[in-house]
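This report describes selected features of one protein model. Please consult the sequence and the structure shown here while reading.

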Amino acid sequence: MPSQYHTCLLIDDNYIDNFVTRKILESGHFAENIIVIQSAPEALSVLADGTVKPDVIFLDIRMPQMSGFEFLKAYEQLAIDKEHTKIFMLSSSLDPTDMNNSLSNRYVTQYVHKPLTHEALEELST
């Protein structure tokens with residue numbers, strides 16, 4: 001089964017969440033390449049220097065050093081092609097403010113609750 005996307009970037013500081021999300025993405029043939037980065041500043045660095053050119057980004061909201069929302073502000077300033085990249089906020093937050101802030105950001109395609117499931121992944125693929 002061919003993958004839907006070429007490169008998926010997962011930005012989340014939680015090792016267990018990354019493990020689960022990666023397994024779901026792999027078994028769902030979501031992307032050919034799945035890159036996991038555990039800090040938003042490091043993710044911004046590889047995006048800025050062109051090391052990683054993702055079709056899809058899964059972004060956690062609550063992370064040390066830099067939150068997902070802070071990442072989005074810095075991402076906006078990057079001189080890279082953003083038109084062909086979908087960003088999915090992947091969070092365990094049930095705070096409606098987090099969901100509203102995510103969905104009101106022009107770069108965010110959808111808000112997805114953790115843990116990622118095959119059913120949620122199928123919905124993203126449609």
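Strands S3 and S4 pair in the parallel sense over 4 bridges; two strands count as paired if DSSP finds at least two bridges between them. Helices (H or I, at least four residues) and strands (E, at least two) are DSSP runs, numbered from the N terminus. The model is predicted, with local features requiring pLDDT of at least 70 and side-chain atom pairs pLDDT 80 or more, whereas totals for chains, interfaces and linings use all residues. Residues are numbered from 1 along each chain as its sequence is written, and side-chain values use heavy atoms, with hydrogens and water left out.

S1 and S3 also pair in the parallel sense, over 4 bridges. Ile 57 of S3 stands opposite Leu 9, and its bridge partner in S4 is Ile 87. From S3, Val 56 and Phe 58 point one way while Ile 57 and Leu 59 point the other way, and all are buried. Here buried means under 20% relative accessible area, exposed means over 50%, and partly exposed lies in between (1.4 Å probe, protein chains only). In a regular strand the side chains alternate between the two faces of the sheet.

Thr 7 belongs to strand S1 and is buried, with a relative accessible area of 7%. Leaving aside residues up to four places away in sequence, Thr 7 touches Ala 31, Asn 33, Ile 35, Val 52, Lys 53, Pro 54, Asp 55 and Val 56. Contact means heavy atoms within 4.5 Å.

## Helix H3

Helix H3 covers residues 68-77, and its buried residues are Gly 68, Phe 69, Phe 71, Leu 72 and Tyr 75. Seen down the axis of H3, these buried residues fall within an arc of 150°, so they line one face of the helix. The arc is that of the directions from the helix axis to the C-beta atoms. The face of H3 turned away from the buried side carries the exposed residues Lys 73 and Gln 77. The buried residues pack against strand S1 (5-11), helix H2 (40-48), strand S3 (56-59), strand S4 (86-91), helix H4 (96-103) and strand S5 (108-113).

Tyr 15, Ile 16, Phe 19 and Val 20 form a nonpolar surface patch with about 420 Å² of accessible area together. Patches are made of residues with over 30% relative accessible area and no salt bridge, like charges being joined within 9 Å and nonpolar side chains (Val, Leu, Ile, Met, Phe, Trp, Tyr) within 5 Å. A salt bridge is a side-chain nitrogen of Lys or Arg within 4 Å of a carboxyl oxygen of Asp or Glu. Accessible areas come from the Shrake-Rupley method with a 1.4 Å probe; for residues, only the protein chains shown count as cover.

Tyr 15 lies in helix H1 (residues 15-27) and is exposed at 57% relative accessibility. Val 20, also found in H1, is partly exposed at 32%. Val 20 and Lys 114 are 94 residues apart in sequence and 9.7 Å apart in space, C-alpha to C-alpha.

## Backbone features

The peptide bond from Lys 114 to Pro 115 is cis, with omega near -10°. Pro 115 lies in the loop between S5 and helix H5 (118-125). Most residues other than glycine have a negative phi, and most peptide bonds are trans. Two non-glycine residues with a positive phi are listed below.
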